[in-house]
Amino acid sequence: MNTKTTHSPSLAARYIAYGEIVAFPTETVYGLGANIFNESAIRKIFEAKGRPTDNPLIAHISDIAQLRGITSQITPAAQKLIEAFFPGPLTVVLPKHPQVPLVATAGLQTIGVRMPQHPVAKQFLAACGVPLVAPSANLSGRPSPTTWQAVREDLNGRIACILKGDPAKVGLESTVVDCTGKVPVVLRAGGGTLE
């Protein structure tokens, strides 16, 4: 497979519609996206990265309204964090909606969700019209890529398309906060600090 590179979010979104996977820029690192409701596309992510399937993926949304289709409950703690930090480098973990396939969550009944603030990511996610699951766009065990060139170095020929954008500004994955219990718990420190 020849990996296509493009500056066009709408062209990249067409690959998602066809069930392919696409690398795209976010403010944290480049992500590797698939339609959250397409199990065979999600499996392509694990295959391309050489990622263990027991490692859950984070959902990326373009609009708060999309939370209703992928989560079964937005807890009060999550609501506060979402209002304060979406869009941005924060992932909140919530109970997943039954229609989200278990392959996306590594069999868990929870899902991490974030809304990127990178302008190209926002255009791309909006053009896709569905939430995407997306880990970092690198081979497992390699550094998370902050440029499209680094993505191409790792995944050329393994994925359908790379959406080109500026280098990621944060250079660290998003901070992950579990909001399923009474008290939010930071599971991974990242682009957003505890403060």
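## Strands and how they pair

Two strands count as paired if DSSP finds at least two bridges between them. Strands (E, at least two residues) and helices (H or I, at least four residues) are DSSP runs, numbered from the N terminus. Take E1 and E8 (residues 161–163), which pair in the parallel sense over 3 bridges. Thr5 has Ile162 in E8 as its bridge partner.

What are we looking at? This is a predicted model, where local features need pLDDT of at least 70 and side-chain atom pairs count only at pLDDT 80 or more, while totals for chains, interfaces and linings use all residues. Residues are numbered from 1 along each chain as its sequence is written, and side-chain values use heavy atoms, with hydrogens and water left out.

## The sheet

Now for the whole sheet: it is open, has 10 strands with mixed pairing, and runs in the order E1-E8-E2-E3-E7-E4-E6-E5-E9-E10. Its edge strands are E1 (4–6) and E10, each pairing on one side only.

Which strands pair with E5, and in what sense? E9 pairs with E5 in the parallel sense over 4 bridges, with Val176 in E9 as the bridge partner of Thr91. E6 pairs with E5 in the antiparallel sense, also over 4 bridges, and here Val92 stands opposite Val113 in E6.

In helix H2 (residues 39–49), the buried residues include Ala41, Ile42, Ile45 and Phe46. Among the elements covering them are strand E3 (31–35), strand E7 (132–133) and helix H6 (148–155). Just after H2, Gly50 takes a positive phi of about 70 degrees.

## The largest pocket

A pocket is an open set of points on a 1 Å grid where a 1.4 Å probe fits, with protein on both sides within 12 Å along at least five of seven lines. The largest one here has a volume of about 500 Å³, counted as the space filled by probe spheres set on the points. Its lining has 29 residues (each with an atom within 4 Å of a point), and Pro56, Leu57, Ile58, Val176 and Arg188 are the closest to its centre. E6 gives the most to this lining, with 4 residues.

Definitions and conventions
Buried < 20%, exposed > 50% of the residue type's maximum accessible area, 1.4 Å probe, protein only. Contact = heavy atoms within 4.5 Å.
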